[in-house]
Amino acid sequence: MYVRLARPIERDSIVDGEGLRTVVWTQGCAHNCFGCHNPSTHSFKDGFLEDVEVIKQQIKNSYNQDGVTLSGGDPFFQLDASLEIAAFCQSIGLNVWAYTGYTFDQLMLLSKRNEKILELLKNIDILVDGRFVLTERSLEWKFRGSKNQRIIDVKKSLKQNKPVVITKYNKMNSYNILNNREKNIYV
Ligand code: SF4
């Protein structure tokens, strides 16, 4: 199985979720959020194909990582590959964050027609959901680009059948304020 990537996996990220993380940058996104700072990741033809087994091996060989983040693009546009990667991470004890332009509620609705969405959600610990909204843009909120985006405990949400937001991330990101770096814009 192959996954289309925007760029090679990145290790030691501290801005794509909690802890030291390996990021899988999937290529392809149809949300077309106005002001998206990653428009080069939208095309479903650009980027490059990589064997999922290679990605799994790279993740396995990464040292001192707290978890893996599926970002993009939007990993929900490559369900089979994202599911394979997420399930592998869980099997070796790595927590999984995922970024998506869909809301949790939209994904639950869509999962009624495509059960792989639910399977992928079951293999994700934390979901950063929702489109990037330019008028809600913030450099100060942790791990996201705009304030409408929620950081959701997926396992609790699936159990309670409603999105459970992790409120500890709803505070100012002093790292961003001090450094004011463009790198800290999340989508
Ligand atoms: S902000 Fe994220 S979800 Fe929106 S278009 Fe860009 S990559 Fe897609």
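A residue counts as buried here if 20 or more other C-beta atoms lie within 10 Å of its own. The structure is a predicted model, and the chain averages a pLDDT of 92, with 91% of the residues scoring at least 70. Residues 176–186 have pLDDT under 50, and the model has 17 contacts beyond four places in sequence for them. Where pLDDT is low, the predicted coordinates should not be read in detail.

This report concerns helix α2. Helix α2 covers residues 79–91, 13 residues in total. From first C-alpha to last, α2 reaches 18 Å, close to the 18 Å expected at 1.5 Å a residue. After α2 comes Gly93, with a positive phi near 85°.

By the criterion above, the buried residues of α2 are Ala81, Ser82, Leu83, Ile85, Ala86, Phe88 and Cys89. An α-helix has 3.6 residues a turn, so residues three or four places apart point the same way. The buried residues of α2 pack against the elements in the table.

| Element | Residues |
|---|---|
| β1 | 2–5 |
| β3 | 21–25 |
| α1 | 52–60 |
| β5 | 67–71 |
| β6 | 95–99 |
| α4 | 115–122 |

The crossing of α2 and α4 is left-handed. On the α2 side, the contact is made by Leu79, Asp80, Ser82, Leu83 and Ala86; on the α4 side, by Lys116, Ile117, Glu119 and Leu120.

Conventions: Residues numbered from 1 in each chain as written. Predicted model: local features only at pLDDT ≥ 70, side-chain atom pairs only at ≥ 80, totals over all residues. pLDDT = per-residue confidence, 0-100. Contact = placed C-beta atoms within 7 Å. Helix = DSSP H or I, 4+ residues; strand = E, 2+ residues; numbered from the N terminus. Expected span 1.5 Å × (residues − 1). Buried ≥ 20, exposed ≤ 12 C-beta atoms within 10 Å, placed from the backbone. Left-handed = near helix turned anticlockwise from the far one by under 90°.
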